[in-house]
Amino acid sequence: MSRELIDLAIERLREDFPNKSRSWVRRALVRFMKGTVREFSENVWVVRGLPELGDKYPTYVVRFKDGKYYCSCFESSWGLRRRSEICTHIAAVILYRNYRKLDSEVYASVINIECVDYYLEIPSELKGKVKVAKSVRVVDSSDRLNPRHRVTYVVYSSEPMELRAKLVCDGDVRELSLKLTRTRRYIIELLRQS
Ligand SMILES: [Zn+2]
């Protein structure tokens, strides 16, 4: 497993559950790192119990249904207390899913430019099929009204393809021929952070 991907998977978990404690995140991480999560079928996972985390059963079943997670520990003697919470079995499953998603393959092309005004246009017939992630950083703000930016675009899709795009940078219009090549999804997530 890659450290970078794990860090991102944790960060996504924290974003989704900002009110959860550090110990909740830590317990989910222990479960995930010990490889206790196994995909059983679509939207069903089996999580091996860890006695050191207070588990009474050898396995727990986590299901995702109608946009919500359910864990078999809800049905245990602590069920009434736990029902309203997201247990760390579920959190471990979410980490596992986040990681798998980050580790999955996409096809992408990266464009770096530095401009004051910029715009990238993807042919409208490809919208939905091709997505664009963007990161913008100010590199020169000496002209306060017209700061200069470093812009990174990642054009990506779930399948390999070649496409034409139009890039506008400070009035300079360029036709780009982009070839989307195989990479891992986390490069897009890295961009979201910066
Ligand atoms: Zn549980």
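This is a predicted model: local features need pLDDT of at least 70, side-chain atom pairs count only at pLDDT 80 or more; totals for chains, interfaces and linings use all residues.

## How the strands line up

Those 4 strands make an open sheet in the order β1-β2-β3-β4, and their pairing is antiparallel. At the edges sit β1 (37–41) and β4, each of which pairs on one side only. On average, neighbouring strands in this sheet are turned by 25 degrees against each other, direction ignored.

So what holds strands side by side in general? Strands of a sheet pair through backbone hydrogen bonds, in either a parallel or an antiparallel way.

## Starting from β1

Now look at β1 and its partner β2, which covers residues 44–48. These two run antiparallel and share 4 bridges.

## The β3–β4 hairpin

Over at β4, strand β3 (residues 59–65) is joined to β4 by 4 bridges, again antiparallel. K65 stands opposite K68 of β4. The two strands form a hairpin with 2 residues between them, and D66 in that turn has a positive phi of about 50 degrees.

## Two faces of β4

Side chains in a regular strand alternate between the two faces of the sheet. Which residues of β4 (68–71) are on the covered face, and which on the uncovered one? Y69 and C71 make up the covered face, while K68 and Y70 are on the uncovered one.

How values were computed:
Residues are numbered from 1 along each chain as its sequence is written. Side-chain values use heavy atoms; hydrogens and water are left out. Buried means under 20% relative accessible area, exposed over 50%, partly exposed in between (1.4 Å probe, protein chains only). Two strands pair if DSSP finds at least two bridges between them. Axes are lines fitted to C-alpha atoms, for helices over the stretch in contact, and angles run from 0 to 180 degrees between N-to-C directions.
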